[in-house]
Amino acid sequence: MQILPAIDLKDKKVVRLYKGDFDTVHQVAEDPVDTARAFLRAGARWVHIVDLDGARDGTRKNGEIVKAVSAVGLRVELGGGIRSMLDLEEVFDLGVSRAVIGSAAVTQPELVSAAVKRWGEQIAVGVDTKDGRVKTAGWVQDSGLNYLEFARSMEKLGVRTIIFTDIDTDGTLSGPSFGRLEELKRTVGCRIVASGGVSNNGDIQALAAMGLYGAIIGKAYYTGAIDLAQAVALGEGASQ
């Protein structure tokens, strides 16, 4: 199982939110590139970057940082504000390995279809849920869609990777939403990356035992609750 440490960017700073609430934003690291280098030294192969400026208002301000992080040697998975084919071209030009389409997958499924036809497995879709319903626009709008039905529709369009976030667990260190993840795994054959709530090595072991493709680590890294090198070893060991 791949371990993807996270860098959330807002106004070019590394920040964290609690349950996706922008009123809780706070800086957690000085330099995003130095943070990425620390991830690499710990053995990570991927970094999950969220452009919060893009997610909130569609204005991506952090392109130069994303480009610099991609040059460190990590494979970059990027989400936030990707709403057109031009956006996708721009982020891939930054050196991104996988682009995550979030809100636009709900409002423009035709974009997902066209993107998958062009870039294949370099396209992932974010399934961000609260109470089992898909949220959009930086998690502030309720789409009214059931997350399982939405995931199934994305799989039919050819999506191979889903980033699943249960908003109620994000930034809480309360443990992942294992039940919803199990339901999702039973519903689709996509590679599933779990995001939100990971708090300790036991969570990593449990997610790996489920046969998931990946797990994103955010707050647990920045608070020191998880040793990233140990988490990477656990995740990769489960894949052997």
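Asp51 counts as buried because its relative accessibility is 4%, the limits being under 20% relative accessible area for buried, over 50% for exposed and partly exposed in between, with a 1.4 Å probe and protein chains only. The model is predicted: local features need pLDDT of at least 70, side-chain atom pairs count only at pLDDT 80 or more, and totals for chains, interfaces and linings use all residues. Residues are numbered from 1 along each chain as its sequence is written, and side-chain values use heavy atoms, with hydrogens and water left out.

Asp51 is part of strand β4 (residues 46–51); strands (E, at least two residues) and helices (H or I, at least four) are DSSP runs numbered from the N terminus. The side chain of Asp51 forms a polar contact of 3.0 Å with the side chain of Asn62. A polar contact is a pair of N or O atoms within 3.5 Å; within protein, one must be able to donate a hydrogen and the other to accept it, and residues adjacent in sequence count only if both atoms are side-chain atoms. A polar atom of the Asp51 side chain also lies 3.1 Å from the backbone nitrogen of Asp53. With neighbours within four places in sequence left aside, residues in contact with Asp51 (heavy atoms within 4.5 Å) include Leu9, Arg60, Lys61, Leu78, Gly79 and Gly80.

The largest nonpolar core holds 67 residues, of which Leu88 and Ile101 touch the most other members. Such a core is a set of buried Ala, Val, Leu, Ile, Met, Phe, Trp, Tyr and Cys residues joined through side-chain atoms within 4.5 Å. Not counting residues up to four places away in sequence, Leu88 touches Ile82, Ala99, Ile101, Leu111, Ala115, Trp119 and Ile123. A second, separate core has eight residues, among them Leu4, Trp46, Ala124 and Val193.

Strands β7 (residues 123–130) and β8 (residues 133–136) pair in the antiparallel sense over two bridges, pairing being assigned if DSSP finds at least two bridges between two strands. Thr129 has Val134 in β8 as its bridge partner. Two residues separate the strands in this β7–β8 hairpin, where Asp131 takes a positive phi near 55°. Strand β8 is also joined, by three bridges, to strand β9 (residues 141–146), and the two run antiparallel. Here Thr136 stands opposite Gln141 in β9.

Glu110, in helix α6 (residues 109–119), counts as exposed because its relative accessibility is 52%. The C-alpha atoms of Glu110 and Leu157 are 8.7 Å apart in space, with the two residues 47 apart in sequence.
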